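Work through the two exercises below with the sequence and the coordinates at hand, and try each task before reading its solution.

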Amino acid sequence: MKALIVGSNGQLGRALAATAPADAEIVSCDADTLDITDRAAVLAMADQVRPALILNAAAYTAVDKAEQEEEQAHAVNATAVGILADAAQMFDARLVHVSTDFVFDGSSGIPYAPSATTNPLSAYGRTKLAGEGAAGPDALIVRTAWVYAPTGGNFVRTMLRVMAQRPEVRVVADQIGTPTYAPGLASALWAMAGQGSSGIYHYTDAGAASWYDFAIAIQEEALAIGLLDHAVPVLPIATADYPTLAKRPHFSVLDKTSTFECLGGAAPHWRSNLRIMLKEIKAHG
Ligand SMILES: NC(=O)c1ccc[n+]([C@@H]2O[C@H](COP(=O)([O-])OP(=O)(O)OC[C@H]3O[C@@H](n4cnc5c(N)ncnc54)[C@H](OP(=O)(O)O)[C@@H]3O)[C@@H](O)[C@H]2O)c1
């Protein structure tokens with residue numbers, strides 16, 4: 001099976017390459033090799049590669065910056081997804097696209113099902129929701145959340161850095177979601193794509209946490225394996241005490257029932273995957 005990965009240098013892009021099934025022949029394109037907003041370039045690449053799968057790991061992911069650059073974010077997160085969908089249709093490929101928990105407003109008290117009402121609070125969320133529409137009904141669309149990996153910009157790496165440098169760390173305690181380890185998400189995408197699934201699904205690790213809980217766990221697990229050499233106080237704060245340009249949902253736990261049925265089992269708990277990721281950093285830097 002031939003697969004074209006676009007946005008291959010991001011957290012998910014790298015994880016997709018690392019977890020590809022043995023029978024997959026992969027062509028990986030990073031942002032320099034293939035700008036997915038360039039329609040002619042995307043169609044030419046699809047024509048050249050003739051993939052059975054187009055896996056879209058490319059996105060404009062700077063959530064706060066998107067408030068001031070919604071047009072640029074829309075170009076990557078929505079218009080370009082339409083281009084990928086056209087390429088998939090023209091060359092008989094399946095598009096696998098990834099969306100976000102930020103399509104929800106966070107007012108629910110129970111996990112969001114794939115069919116739940118969307119109402120993004122941010123420009124990023126609006127562009128990602130538009131991207132779901134642009135991907136079309138034949139695509140496999142998987143919403144995820146709080147993604148982290150051993151490389152790339154993410155909360156775990158930020159916490160490790162600030163916990164090593166600062167006398168104390170303040171972390172938002174009133175936003176609840178689920179941390180998600182990129183390789184687990186990538187494996188799920190391969191498995192679901194292999195089954196020919198289409199439509200909207202949710203995938204995160206199992207469990208739920210606030211950013212504060214996540215930070216506490218990062219410190220505990222990092223201390224346990226010597227990745228941090230001293231503890232610092234981690235203090236819970238309210239979202240109101242940490243103003244950001246973009247509004248974020250207070251609760252964005254996703255209901256993964258349909259996905260786990262498809263996969264034949266649940267994802268690992270987020271804390272187990274956190275341990276794996278920290279050991280990976282410890283082993284490889
Ligand atoms: N990270 C999260 O917490 C999170 C949460 C929910 C959903 N998601 C979704 O999960 C998916 C993967 O996210 P991620 O964390 O892997 O993001 P990431 O690490 O920021 O990677 C995104 C990649 O897209 C590339 N890219 C940006 N514009 C492009 C363009 N025009 N053409 C081609 N490539 C382009 C970037 O390249 P440059 O860096 O060179 O610009 C980067 O390598 C995205 O759809 C994201 O919306 C992420």
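**Exercise 1.** In this predicted model, determine which residues of α7 meet which residues of α9, and classify the way in which the two helices cross.

*Solution.* Begin with the contacts: on the α7 side the residues are D213, F214, A217, I218, E220, E221 and A222, and they meet W270, R271, L274, R275 and L278 in α9. Sorted by class, this contact of α7 with α9 comprises 7 nonpolar and 5 charged residues, with no polar ones. Next take the geometry, for which helix α7 spans residues 211–224 and helix α9 spans residues 270–284; their axes come within 10 Å and cross at roughly 45°. Because of that angle, α7 counts as oblique to α9. Finally, the sense of the α7 and α9 crossing is right-handed.

**Exercise 2.** Describe the largest nonpolar core, asking which element gives the most to it and what I54 touches.

*Solution.* The largest nonpolar core holds 34 residues, and I36, V42, I54, L84 and L95 are those with the most contacts inside it. At least two residues of this core come from each of β1 (2–6), α2 (39–49), α3 (70–90) and α4 (123–135). Of the contributing elements, α3 gives the most, namely 9 residues. Turning to I54, and leaving aside residues up to four places away in sequence, one finds that I54 touches L4, L84, A87, A88, A93, R94, L95 and V96. Another core, of 27 residues, lies apart from this one, and includes V169, V171, W270 and I281; W270 is also one of the α9 residues that α7 meets in the first exercise.

Key. Residues numbered from 1 in each chain as written. Predicted model: local features only at pLDDT ≥ 70, side-chain atom pairs only at ≥ 80, totals over all residues. Heavy atoms only, no water. Axes fitted to C-alpha atoms, helices over the stretch in contact; angles between N-to-C directions. Helix = DSSP H or I, 4+ residues; strand = E, 2+ residues; numbered from the N terminus. Parallel < 35°, antiparallel > 145°, perpendicular 65-115°, else oblique. Left-handed = near helix turned anticlockwise from the far one by under 90°. Contact = heavy atoms within 4.5 Å. Nonpolar A, V, L, I, M, F, W, Y, C, P; charged D, E, K, R; others polar. Core = buried A, V, L, I, M, F, W, Y, C linked by side-chain atoms within 4.5 Å. Buried < 20%, exposed > 50% of the residue type's maximum accessible area, 1.4 Å probe, protein only.
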